Amino acid sequence: MLVKNAGSERRGTRLARWGLPLVLLALALVFGPLRTRGGGSADAPPASEDRPGELHQSLRANERSTEDDTAPANRLATLRIDLPEASARRLQAVRDRALEVGVIRQAPEDTVPGTVEFDGRAFPAEVRIKGDWLDHVESDQWSLRVTLDTAGVLGMRVFSIQALETVGYLWEWLVHESMRYEGVLAPRSTLVNVRINGNDAGIYFLQEHFAKELLESQQRREGPIVRFDETALWDLMLQNDLVLPVPPPMRSGVVVDTARVAAYGEKRLASDDTLRRALNDAIDGMRELRALAVGARTSAERLRRLEALAALEESSLERVVQVDRLACAHAVASLFQIEHGLFWHNLRFYFDPVLARLEPIMFDNMAHIVADPDPVPLRGE
């Protein structure tokens, strides 16, 4: 059992604590889609059809006016991003290529320099397109990943901005708040006005990325954040023209069984002796977790399942993962009927260097897409 039994008094306390989140959820359902453009209509305007050789209208340089410094009526903070023309053209090339291929694919050189201004302070930044599917670049509001040298935006050094439609408006924010309320790691997130090269880009969802600031803001000691690398999955899907489900001969390459374990900021972690040891332990833990998953899945290939079971030796879920935190994450996921954040390629774990256990980080929940109402969404057959 992953969830401990509780008495009626404990359940009553839980219901009382959930009162505010459920009220917020009701408000989100009542008000529906928010206006995403400053002073505009409820629906974002369609992407403009620019002539070949011209920059997209949201990337063209626009002179800054005194109105830019006026506090917006919606009382949200404003994030300004300035991109030189070369950077803007590189981002547009990534977007154009994605529209041709059907999915966003990038190389290291597609990360470009720019400047970010927030709360009266300016920071040099690296910017790239963010996301996998075309919903991140189809409209005029492109999703962007921003990296700063210092935690200068709401205590964040690495974050993303994206259109509210891509996160179900308030749904993703509500899940983040609920997870953290229950002590489960989740990115910080909020809504901001965005101006790009002087152009009003509308309201965006700003979300923290995986860096030490995410851990520090939730009272965790610095340690590795690890994942299962999904590169092979996307390569195979592209070979299959992004058609789902993947044909049987290719399925062995789109499951967690063969996925490489990777960490965020591996170079920095490897440069410190303590963090390097934690990284090695985190990678070992993820491999054990993968073996546990494969060994428990009766549909796995027999040879692969036997290999996984042989590799486990004395390992158990309780030895690899902080089960209480995992159970709590599943409880909240069940309340919201979340499934997307529990697919193997969306799983992220923090390795606690003191307890030597993996702890889930819930993100990319797609909570506006309702999954089957199972008691625990992620489970074996």
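**View 1. Gly-183 in its loop.** Gly-183 sits in the loop that runs between α4 (171-181) and β6 (189-196); helices (H or I, at least four residues) and strands (E, at least two) are DSSP runs, numbered from the N terminus. This is a predicted model, where local features need pLDDT of at least 70, side-chain atom pairs count only at pLDDT 80 or more, and totals for chains, interfaces and linings use all residues. Residues are numbered from 1 along each chain as its sequence is written, and side-chain values use heavy atoms, with hydrogens and water left out. Gly-183 has 27% relative accessibility, so it counts as partly exposed (buried is under 20% relative accessible area, exposed over 50%, partly exposed in between, with a 1.4 Å probe and protein chains only).

**View 2. What surrounds Gly-183.** Setting aside neighbours within four places in sequence, Gly-183 is in contact with Arg-220, Arg-325 and Glu-359 (contact means heavy atoms within 4.5 Å). Cys-328 is 145 residues away along the chain, yet its C-alpha atom and that of Gly-183 are separated by 8.2 Å.

**View 3. Phe-210 meets Phe-363.** Here the ring centres are 4.9 Å apart and the planes are at 85 degrees, so the pair is edge-to-face (rings of Phe, Tyr and Trp, using its six-membered ring, pair if their centres lie within 6.5 Å; planes under 30 degrees apart are stacked, over 60 edge-to-face and the rest tilted). Phe-210 lies in the loop between β7 (199-208) and α5 (212-216) and Phe-363 in the segment after β11 (357-361), so the pair ties together parts 153 residues apart in sequence. Phe-210 is buried at 7% relative accessibility, and Phe-363 is buried too, at 13%.
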